[in-house]
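Please look over the sequence and the structure shown below before reading on. The report that follows begins with the protein as a whole and then turns to particular places in it.

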Amino acid sequence: MLYKVKLEAFEGPLDLLLHLINRLEIDIYDIPMSELTQQYIEHLHTMRVLQLDELSEYLVLAATLIEIKSKMLLPIHEGDDFGNDIDFSLEDDPRDELVARLIEYRKYKDVAIVLQESAQERAEHFNKNPEDLTQFGEVIAVSTEANLNVFDLIGAFQKMLDRKRLKAPLTASITKMEQSVGDKMDEIMERLERSGGSCDFYSLYDEGDLSELVVTFLSLLELMMRKDVTVEQGFNFDRLIVSFRKEGVTHGES
């Protein structure tokens, strides 16, 4: 089964790197390469399981991070003569090029956000004579703001997989079970109805093998893109809550 999901917030390896830097509250001018590289590679492993996107460009940046990390582990010998062909400058920091790329990317990303907001604001203004729209029913505004992005959800899915591995039995039986994304979406909506409109993110993954867990995650992403459900988090590292959207949602419709 191959199910591709493309989200606007999912923009590439530098976007993932900036997300991790912000999430870990890292100083972009003094990046701890060991911690950042580990977090980045863990996200790549989870993205590979989910098959969310082509990973080639992400792997290139992963190799760059590992190279920088390796250079920072090399000892510096001030008194050694390595010859004229090799220039070891004590002032050079292996992270400088990466930091410059991140700063440049963040600058263009911020500008893109401003331009997008400007375009959205302009799209709300048009020249047209007023008409009676009551025949089309009530118009309900749906908020698109969210305090979580796809990388947060991938991180949560990654933690859930780690918990599953720790609790895995020493022996297991192999069975074949197929379930479509549409069926799983209906199941999630029914689960929310039974629990009063909301439930814990991790409670959706209590049962099932890896393929079923992936289907559940992709189904949740699809429901979010359709604006049927939201995933919210009160504070950093707090539990994630999946719930119906409050604006004009009719529960039980698929």
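## Overall picture

Buried residues account for 33% of the 254 residues in the protein, which is shown here as a predicted model. Its surface exposes about 17500 Å², and carbon and sulfur atoms supply 51% of that area.

The protein contains seven helices and three strands, and when these elements are read along the sequence they follow the pattern α-α-α-α-α-α-β-α-β-β.

## The largest nonpolar core

In soluble globular proteins, nonpolar side chains tend to be buried together. In this model the largest nonpolar core has 55 residues, and the members that touch the most other members are Tyr 40 and Phe 201.

Which residues is Tyr 40 in contact with, once its neighbours within four places in sequence are left aside? Tyr 40 is then in contact with Pro 13, Leu 16, Leu 17 and Leu 20, and also with Tyr 58, Leu 61, Ala 62 and Leu 65.

Most residues other than glycine have a negative phi. Against that background, two places in the model deserve a careful look.

Glu 25 has a phi near 55°, a positive value in a residue other than glycine. This residue is found in the loop between helix H1, which spans 13-23, and helix H2, which spans 33-50. Is Glu 25 buried or exposed? With a relative accessible area of 67%, Glu 25 is exposed, because the value is over the 50% that the term requires.

Lys 227 is not a glycine either, and yet its phi is positive, at about 65°. Lys 227 sits in the loop between helix H7 (210-225) and strand S2 (229-233). Its relative accessibility is 35%, so Lys 227 counts as partly exposed, a term that applies between the limits of 20% and 50%.

Strand S2, which covers residues 229-233, is largely enclosed by the rest of the structure, because four of its five residues are buried.

How many bridges link S2 and strand S3? S2 pairs with S3, residues 240-244, in the antiparallel sense over five bridges. Within this pairing, Thr 230 has Ser 243 in S3 as its bridge partner.

Technical notes. Residues are numbered from 1 along each chain as its sequence is written. This is a predicted model: local features need pLDDT of at least 70, side-chain atom pairs count only at pLDDT 80 or more; totals for chains, interfaces and linings use all residues. Side-chain values use heavy atoms; hydrogens and water are left out. A nonpolar core is a set of buried Ala, Val, Leu, Ile, Met, Phe, Trp, Tyr and Cys residues joined through side-chain atoms within 4.5 Å. Buried means under 20% relative accessible area, exposed over 50%, partly exposed in between (1.4 Å probe, protein chains only). Contact means heavy atoms within 4.5 Å. Helices (H or I, at least four residues) and strands (E, at least two) are DSSP runs, numbered from the N terminus. Accessible areas come from the Shrake-Rupley method with a 1.4 Å probe; for residues, only the protein chains shown count as cover. Two strands pair if DSSP finds at least two bridges between them.
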